[in-house]
Each structure stands twice: as structure tokens, then as C-alpha cells.
Amino acid sequence: MLKIGEFSVLSQISIHMLRHYDEIGLLIPEHVDDFTGYRYYSECQLPIANKIQALKSMGLGLALIKEILAKYTGNDQLKDYLELHAVEQREKIANLQKQLNLIETTIANLGHVSDIPLYSVALKKFPAHNVISIRGRIATPGNEAVLWEKLAKERKSQKIQFANPLLNIAVFHDEGFKEYDLDVEIQQAVVGRYHDTEEMKFKKIEETTAATLTFKGQYSLLPDANEEIIRWITDNHYRLDGKRFNIYHVSPETEQSVEDMVTEVCFPVKPL
């Protein structure tokens, strides 16, 4: 049997923390002297103490560690749990990296005010035009690539003549803002008429008047662009009249650097 001080040295856990572990039922001494109240541990409890410290170092709370040790008694079971935990941690790291990138971009913009894109809203009339399109759901904003790839495969069955200039358009059909599982339709302007396929549809788009704003840079600038364009719509006595759409003049498909992407945000409008 090992006194609490001896066990503390061997396990590298403070006496205070060992007493706390005992109180919450995480690591109970092998024996407690009825007369003195001294706690005694056995050598076979060292592996458990080491496991507790290892799980604690992984960022797990003591209540969860207690549950894990009670539920996953074998190494294989514990391994399966930790593999799932590792997946969750990777997702958290990815989300934190996105947040960090946004923070750093914002800091850079705030530190160099002259480098922030100057937004200029224009009222444009888009004439009636023909398009080929595919509508589907994407996981998150900016992930339209899967739809563009699908459209490229579908149009191979026909000799498509694109309009000049070529318009790559994404129409957002959800009623309100959604962070995940977006209902998006991508379109490419074409000359002539074409047959529908299983996925691709031929459509005629009616003439549309829209308040538009073109900006260069990554999609994190969209909220600022939207703020500017809505201010213009209000100040000039228009109201929204249809689904928002983006025209991608330079997109991630053709440009590796996000700083060189060119997006035109379009809000269909009509006078009040």
C-alpha cells in the first residue's frame, strides 16, 4: 500500500487533487484508515491515475472522464471513443481556423482603410436571356463547385453555344439566410435552345432590373457589400422584387487566389 504522498509523487498528481478525485468518486483510495482517515493507494491504481491525467490533458472534464472510465473498460472500446473525439476536435480546429482567418482579414482591413474596396452600386437592366441550369442543395455558402461540375458533365451531351460575355450565375432560392444546406440554382447564359437532360434544364429568363454591386476579394466581404446595396435601394426609393443572385466574373474555378475573385451581387428591384 502507498500513502497518499507517495502515490502523489508516483502519479504526478497533487495531494489536493487526489483528495478531490476521491470526493467525486473518480479515483477512490484502496483503503482509508477508520481511525486516522489516512488514504492508501495500491500500485495497480497507477495505470488508472495515468489514464485520468492523459484524458484530462486531452481537454476532457472530470465528470466526462469518470463516465468514460466506467463505460469504456477495455482499450479497444476506449480507442473507438477517442477516434470519434479526434474527429470532433478536428472539426473544431477547422472552425477555429476559419474564425482566425476572418479575424486576421478584418484586422488587416481595419489597419489599411485605403485598401478596403470602395463599393459603387449600379442599377442595371438585364435583358431576357436563355440559360442552362442545375438546381440543388449545397452544404455551405461558397460551395457551388459541386453544382458547376455536375452542369459541366450534363452539357457534354449537346453542343452548347455560350453567350458573349459568358454569365456564370448563382440564384439563391431560400426564403431567408441559411448557414447550412442552401437551395441554390446555377445558370450559364447560352445562345439558342437546348434539350433538358435528367439534371440540366433549359430556361428563358425574363428581363430583370437589379441593383448590383461588384467587388473584388474573398466572399467574407459579402456582408459589407449587402449592407451597401440595401442602403442604396432604400435611399433611392426601390424595394426588393425577387431572388438575389450572384454573377461570378472571376471565381475559384478559374482563379486560385481568393483576393483576385470578382463577384457581382444582384438584388432584383422595382420602384416603390
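Let's start at one side chain: Asp183 makes a polar contact with the side chain of Arg135, at 2.7 Å. Keep in mind that this is a predicted model. The contact also counts as a salt bridge, with 2.7 Å from N to O. Asp183 sits in strand E8 and Arg135 in strand E5, so the pair ties together parts that are 48 residues apart in sequence.

Arg135 comes out at 48%, so Arg135 counts as partly exposed.

Who else touches Asp183? Set aside the neighbours within four places in sequence. For orientation, strand E8 covers residues 182–191, and strand E5 covers residues 129–138.

Next, Arg137. Which residue does Arg137 pair with? Arg137 forms a salt bridge with Asp181, and the closest N and O atoms are 3.0 Å apart. This pair also links distant parts of the chain. Arg137 is in strand E5, Asp181 is in the loop between E7 and E8, and 44 residues separate them. Both ends are partly exposed: Arg137 has a relative accessible area of 45%, and Asp181 has 38%. Arg137, Asp174 and Asp181 are linked in a network of salt bridges.

Stay with Asp181 for a moment. Look at the backbone. Asp181 has a positive phi of about 55°, although Asp181 is not a glycine. The loop that holds Asp181 runs between strand E7, residues 168–172, and E8.

His237 is another such case. His237 has a positive phi of about 65°, and again this is not a glycine. Where is His237? His237 is in the loop between helix H7, residues 222–235, and strand E11, residues 238–240. With 55% relative accessibility, His237 counts as exposed, since the cut-off for exposed is over 50%.

Back up into helix H7. Here Glu228 and Arg231 meet through their side chains in a salt bridge, 2.7 Å from N to O. Why are they about one helical turn apart? Because they are 3 residues apart in helix H7. Glu228 is partly exposed at 27%. Arg231 is partly exposed as well, at 37%. In total, the structure holds 9 salt bridges.

Last topic, the second largest pocket. Its volume is about 290 Å³. Which residues are closest to its centre? Of the 18 lining residues, they are Val171, Gln187, Ile205, Thr208 and Phe245. The elements giving two or more residues to this lining are E7, E8, strand E9 at 201–205 and strand E12 at 245–250. E9 gives the largest share, 3 residues. By class, the lining has 8 nonpolar, 4 polar and 6 charged residues.

One link to take away. Val171 is among the residues closest to the centre of that pocket.

Conventions. Residues are numbered from 1 along each chain as its sequence is written. This is a predicted model: local features need pLDDT of at least 70, side-chain atom pairs count only at pLDDT 80 or more; totals for chains, interfaces and linings use all residues. Side-chain values use heavy atoms; hydrogens and water are left out. A polar contact is a pair of N or O atoms within 3.5 Å; within protein, one must be able to donate a hydrogen and the other to accept it, and residues adjacent in sequence count only if both atoms are side-chain atoms. Buried means under 20% relative accessible area, exposed over 50%, partly exposed in between (1.4 Å probe, protein chains only). On a 1 Å grid over the protein atoms alone, a cavity is a set of points where a 1.4 Å probe fits but cannot get out, and a pocket is an open set with protein on both sides within 12 Å along at least five of seven lines; lining residues have an atom within 4 Å of a point. Grid points are joined across faces, edges and corners, and a volume is the space filled by probe spheres set on the points. Ala, Val, Leu, Ile, Met, Phe, Trp, Tyr, Cys and Pro count as nonpolar, Asp, Glu, Lys and Arg as charged, and the others, Gly among them, as polar.
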